[in-house]
Amino acid sequence: MNTPPTVAVTPKAEKSLSRRHPWIFSGALRQAPTVPEGATVAVRAPDGRFLAWGAYSPHSQIRIRVWSFEEKEAIDAAFFRRRLSEALAARGKMPLLSPCTALRLVHAESDGLPGLIVDRYGDFLVCQFLSAGSERWKETIVAELGRIHPCQGIYERSDADVRAKEGLPATRGVLWGAAPPDLLAIQAGELSLWVDLARGHKTGLYLDQRENQTRVSPFSPDAEVLNCFCYTGGFGLWALRAGARKVTQVDASAEVLALARRNAQLNGLEENRLEHVAANVFELLRTYRDSRRQFDLIVLDPPKFVASAGQMDKGCRGYKDINLLAFKLLRPGGVLLTFSCSGLMAPPLFQKIVADAAADAGRTVRAIGHLHQAADHPVSLNFPEAHYLKGLICLAA
Ligand code: SAH
């Protein structure tokens, strides 16, 4: 077997690697190796000591993603079999809703497999290959997955924007076995949900919110609920199940609202307690404010407003705006569940924005819960960047 080429890195990168952080940025390389995209390289300190095996990505600012810090560990099919098996075994120890037939089996860097996402939906697996390294090992990964996790088919949803940063084209389709049905029903606790694996957002569902969606239950009996950025309805459906008087599901996409409606039917939840509104949340909240409409429970789960450092100011203003409006629409004693999935925004900053919004709305607000992404989206302690979703349960006086 050929010995992988060597890449020397700066002392600063060496320090980061010694703490087992898996990313090496372009500025940390002493010189560029001439290797194919995604090829394995040996990363060495300025004095030649071995530091890590990594995948080389010539087009990305994250130039190398580490597969292993063990010099004796070969990066081959057996390596991927081990890492995948470890990730699957770890799911057995995670506190997850039960029954739960849709969950994340591999959460990229946090499962020791940079750039690889694997989600399970019933008898189907959906993969995203988001880095040059995971792309290069696609065939091996798919073969090993099929071997260790019995399923009907493995589908690819590598159509996420981040692929472009790696110089990879968007792609989707069947990788192995059967094509998934147009709609597949999954179980999340007592809730059943239709999922469109080929055309839904991300890999089909926002699995990171599965447990948080149940948190609306205690505030729902007899409540008037506004679920903003509802996608296929999760938070609102849990509120209905828990006895909400009325739930308004809001999303900009009429297509996802159609699925939210079908999800209500699937769970036998009465249409007469439901309203579906296709609208821009920023505008709708203003309309409701002007018409003095009030709610007992509001959920704000917007898309990522801060996708790069340059979008921070605008993103902060966006979060402030919708939270301020939401506080104005809450009845006394009302509850706001508010989220940010922008990884670049640290939880204290998000909390400060929500605090500023409450103050500007003239409300006294207590946080009675701090929420995070579901346990099957773990955060490796060497890689705090993996913690992206944060939320607050706010009780407004
Ligand atoms: N709360 C959902 C996930 C929300 S994802 C869940 O638990 O499953 C964000 C959603 O916001 C997407 O469905 C997207 O269509 C919608 N969206 C994005 N911008 C919007 C806007 N300005 N107004 C209304 N909906 C918007």
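This report covers the ligand site and the cavity of the structure.

**Ligand site**

The model is predicted. Around the ligand sit 16 residues. Gln 213, Phe 229, Asp 251, Val 281 and Asp 301 come nearest. By class, this shell holds 10 nonpolar, four polar and two charged residues.

| Residue | Atom on the protein side | Distance to a ligand nitrogen atom |
|---|---|---|
| Asp 301 | side-chain N or O atom | 2.6 Å |
| Val 281 | backbone N or O atom | 2.9 Å |
| Asn 280 | polar side-chain atom | 3.1 Å |

Taken alone, the ligand exposes 580 Å². The protein buries 87% of that area.

**Cavity**

A search of the whole structure finds one cavity of 30 Å³ or more. The largest cavity has a volume of about 50 Å³.

Which parts of the chain line the largest cavity? Strand 5 (62-68) and helix 3 (132-136) each supply at least two residues. Helix 3 gives the most, with three residues. Domain 1 (6-68) and domain 2 (77-184) each contribute at least three residues to the lining.

The lining includes Ala 55, Ser 57, Arg 65, Trp 67 and Pro 114. Ser 131, Ala 132, Gly 133, Ser 134 and Glu 166 also belong to the lining. By class, the lining divides into four nonpolar, four polar and two charged residues.

Terms used: Residues are numbered from 1 along each chain as its sequence is written. This is a predicted model: local features need pLDDT of at least 70, side-chain atom pairs count only at pLDDT 80 or more; totals for chains, interfaces and linings use all residues. Side-chain values use heavy atoms; hydrogens and water are left out. A residue is near a molecule or strand if one of its heavy atoms lies within 4 Å of it. A polar contact is a pair of N or O atoms within 3.5 Å; within protein, one must be able to donate a hydrogen and the other to accept it, and residues adjacent in sequence count only if both atoms are side-chain atoms. Accessible areas come from the Shrake-Rupley method with a 1.4 Å probe; for residues, only the protein chains shown count as cover. Ala, Val, Leu, Ile, Met, Phe, Trp, Tyr, Cys and Pro count as nonpolar, Asp, Glu, Lys and Arg as charged, and the others, Gly among them, as polar. On a 1 Å grid over the protein atoms alone, a cavity is a set of points where a 1.4 Å probe fits but cannot get out, and a pocket is an open set with protein on both sides within 12 Å along at least five of seven lines; lining residues have an atom within 4 Å of a point. Grid points are joined across faces, edges and corners, and a volume is the space filled by probe spheres set on the points. Helices (H or I, at least four residues) and strands (E, at least two) are DSSP runs, numbered from the N terminus. Domain bounds come from an automatic or database domain assignment.
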